[in-house]
Amino acid sequence: MGRLAIRSTPSESPALLLLALDGELDVLNVGKLSDTVVDALEAGRRHLLVDLTGVTWCDVGSLYTLLGMRHAAIHAGGSLSLTAASDCVHEALDRVRLRGLLPFVERRGRPGDAR
């Protein structure tokens, strides 16, 4: 299985954290993302934006784990939303009908983002 790289970029708001994922998001790697989200919530970063554009593989279990992370963020008084995703993520979301439960939001002004 491939690796998962997670880049975190703090924003001007101390409550917001941008996460960009690259690689495979699967049962072997999703724990790394879970740990990152828990650490962010514990540090007071209540609003998380997750960019899945660089994800090359996504299994269904990882989507359900993302949904659980979203519920944890909401429970902590925050949010977890997706900002973008690769084709394989969109296909997986459609296959299990989670698109409405894992919302996409428009993201503006990420430093260094040429996309």
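## Cysteines

The sulfur of C88 lies 6.1 Å from the closest cysteine sulfur, that of C58, which is too far for a bond. In this predicted model, a disulfide would require the two sulfur atoms to be within 2.5 Å. The structure accordingly holds 0 disulfides, and C58 takes part in none.

## Nonpolar core

The largest nonpolar core comprises 30 residues, of which L21, L25, L52, L63 and L66 touch the most other members. At least two residues of this core come from each of β2 (16-25), α1 (30-42), β3 (47-58), α2 (60-75), β4 (79-85) and α3 (87-96).

Beyond its neighbours within four places in sequence, L25 is in contact with L4, V30, L33, L52, V55, W57, C58, D59, S62 and L66.

## Salt bridges

The structure holds 2 salt bridges. One joins the side chains of D22 and R7, with an N to O distance of 2.3 Å. Because D22 belongs to strand β2 and R7 to strand β1 (residues 4-10), this pair ties together parts that are 15 residues apart in sequence. D22 is partly exposed at 28% relative accessibility, and R7 is partly exposed at 37%.

D94 forms a salt bridge with R99, the closest N and O atoms being 2.8 Å apart. Here D94 is partly exposed at 45% relative accessibility, while R99 is partly exposed with a relative accessible area of 32%.

Notes. Residues are numbered from 1 along each chain as its sequence is written. This is a predicted model: local features need pLDDT of at least 70, side-chain atom pairs count only at pLDDT 80 or more; totals for chains, interfaces and linings use all residues. Side-chain values use heavy atoms; hydrogens and water are left out. A nonpolar core is a set of buried Ala, Val, Leu, Ile, Met, Phe, Trp, Tyr and Cys residues joined through side-chain atoms within 4.5 Å. Buried means under 20% relative accessible area, exposed over 50%, partly exposed in between (1.4 Å probe, protein chains only). Helices (H or I, at least four residues) and strands (E, at least two) are DSSP runs, numbered from the N terminus. Contact means heavy atoms within 4.5 Å. A salt bridge is a side-chain nitrogen of Lys or Arg within 4 Å of a carboxyl oxygen of Asp or Glu.
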